[in-house]
Amino acid sequence: MELIKDLPDRLLFAVPKKGRLHSSCLSLLEGAEIQFHRKNRLDIALVKNLPIALVFLPAGDIAKFVGEGNVDLGITGQDMVAEARAEDKVTEILELGFGKCRLCVQVPVKGGPTKVEDLVGKRIATSFEGISGKFFNEVDARVAAANGTPEKKTELVFVSGSVEAACALGLADGIVDLVESGETMQAAGLHDIVTILSSQAVLIASKKPKHPELVQTIAGRIKGVIAAQKYVYINYNIERKNLKEASTITPGRQAPTVSPLENPEWVAVSSMVLKNNVAKTMDDLEAIGACDILLFAIQNCRV
Ligand SMILES: Nc1ncnc2c1ncn2[C@@H]1O[C@H](COP(=O)(O)OP(=O)(O)OP(=O)(O)O)[C@@H](O)[C@H]1O
Ligand SMILES: O=P(O)(O)OC[C@H]1O[C@H](OP(=O)(O)OP(=O)(O)O)[C@H](O)[C@@H]1O
Ligand SMILES: [Mg+2]
């Protein structure tokens, strides 16, 4: 097949083929000007403007492929990297700020245990067998040591999705699954008693990439897109005597850009500032006498 023949010369970049991370990944690729056309049903797409091939894989498999060096780059959740036991086999280049969630032990609100130790010897349903197994092995050992009794094993029951249904269906006494808004958990009559890990989507690279320079190029582009989403550009005028204080409010990534104005007692200042704190930043600037405060969206940047 024509497509496969082209692959050896290209950097392979694995992207979740569906699910929670898929559409944010596509926006990221677009922002990084990684242009491709994906044929219907095909899980490989050649990038038109760079020597890259995108491979669309289940999020759960991506860490394994990157860790084994089959593909140079990938995007998946930190939870998936941990579940694949690939933390030492991949380089986490960048947290991407989406796909944020927590992996939690959850139990029924009514009549469920109140602490994780009470689940020892019981049944836990999960799609995260690796992480949950390690977690409950430690709890089992700790409880046995504390009580001076032989170790009782907590039983893991694998389910591939809709994990929250397991308690109501009588399959398990508790579950380990992801929580974001908490809606699914609450709808199932559950609450969380322990957070095992917090996760978000990450850009990961193989430890020995076949195309290291291209890895750097793509990482730089994606970092730029993420920074552009995180920051806005602020511009304001201020009396020179207040510049020191203003610089502490808008320090910029390196330092603020200060330009002289016709009136020698005044300067114009520009700086990147964090988007999520920008109203407070503007309040603080106004309070020290800044005026003509303008805010600009950043289309893209390199940091
Ligand atoms: N509710 C959520 N909010 C935020 N991020 C999430 C949420 N659920 C999952 N994720 C993140 O997205 C990753 C992939 O989850 P996703 O649900 O897309 O995969 P899946 O469960 O294998 O597929 P599917 O649910 O389509 O069968 C998770 O490993 C986690 O990092
Ligand atoms: O706290 P919330 O915002 O409700 O999100 C949490 C839910 O999202 C994920 O499920 P998903 O939609 O991927 O379905 P799945 O269980 O079939 O994987 C996760 O497995 C939880 O069930
Ligand atoms: Mg899911």
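# Reading strands, sheets and shells in a predicted model

Mentor: Strand β1 (residues 11-16) is mostly covered, with six of its six residues buried; here a residue is buried if 20 or more other C-beta atoms lie within 10 Å of its own, exposed if 12 or fewer, and partly exposed in between, with C-beta atoms placed from the backbone. Strands (E, at least two residues) and helices (H or I, at least four) are DSSP runs, numbered from the N terminus. This is a predicted model, in which local features need pLDDT of at least 70 and side-chain atom pairs count only at pLDDT 80 or more, while totals for chains, interfaces and linings use all residues. Residues are numbered from 1 along each chain as its sequence is written, and chains are lettered from A and ligands numbered from 1 in the order in which they are written.

Trainee: Which residues point one way from β1, and which the other way?

Mentor: Leu-11, Phe-13 and Val-15 point one way, whereas Leu-12, Ala-14 and Pro-16 point the other way, and all are buried.

Trainee: How should I read the pairing of β1, and which strands do bridges join to it?

Mentor: Strands of a sheet pair through backbone hydrogen bonds, either parallel or antiparallel. Two strands count as paired if DSSP finds at least two bridges between them. In this model, six bridges join β1 to β3 (residues 52-57), and the two run parallel, with Ile-52 as the bridge partner of Leu-11. Two bridges join β1 to β4 (residues 73-77), again parallel, and there Ala-14 stands opposite Gly-74. Gly-74 also stands opposite Ile-204 in β11, where β4 and β11 (residues 201-206) pair in the antiparallel sense over five bridges.

Trainee: In what order do the six strands form the open sheet?

Mentor: The order is β2-β3-β1-β4-β11-β5, with mixed pairing. β2 (44-46) and β5 (90-95) stand at the edges, each with a single partner strand, so one side of each is left without a neighbour in the sheet. The twist averages 25° from one strand to the next, where axes are lines fitted to C-alpha atoms, for helices over the stretch in contact, and angles run from 0 to 180 degrees between N-to-C directions.

Trainee: What is the order of the five strands that form an open sheet?

Mentor: That order is β8-β7-β9-β6-β10, and the pairing is mixed. The edge strands, β8 (155-158) and β10 (190-199), each pair on one side only, and the twist averages 30° from one strand to the next. Eight bridges join β6 (residues 101-108) to β10 in an antiparallel arrangement, with Val-105 opposite Val-194.

Trainee: How is the protein chain divided into domains?

Mentor: Domain bounds come from an automatic or database domain assignment, which here gives domain 1 (2-99 + 200-210), domain 2 (101-199) and domain 3 (231-297). The centres of domain 2 and domain 3, taken over C-alpha atoms, are separated by 50 Å.

Trainee: How many residues surround ligand 1, and which are the closest?

Mentor: A residue is near a molecule if its C-beta atom, placed from the backbone, lies within 6 Å of it. By that reading 17 residues surround ligand 1, the closest being Gly-19, Arg-20, Ala-59, Gly-77 and Glu-180. The elements giving two or more residues to this shell are α3 (59-67) and α4 (78-83), and the shell draws at least three residues from each of domain 1 and domain 2.

Trainee: Which residues are closest to ligand 2?

Mentor: Among the 14 residues that surround ligand 2, the closest are Gly-161, Glu-180, Ser-181, Glu-183 and Thr-184. β9 (174-179) and α7 (183-187) each supply at least two residues of that shell.
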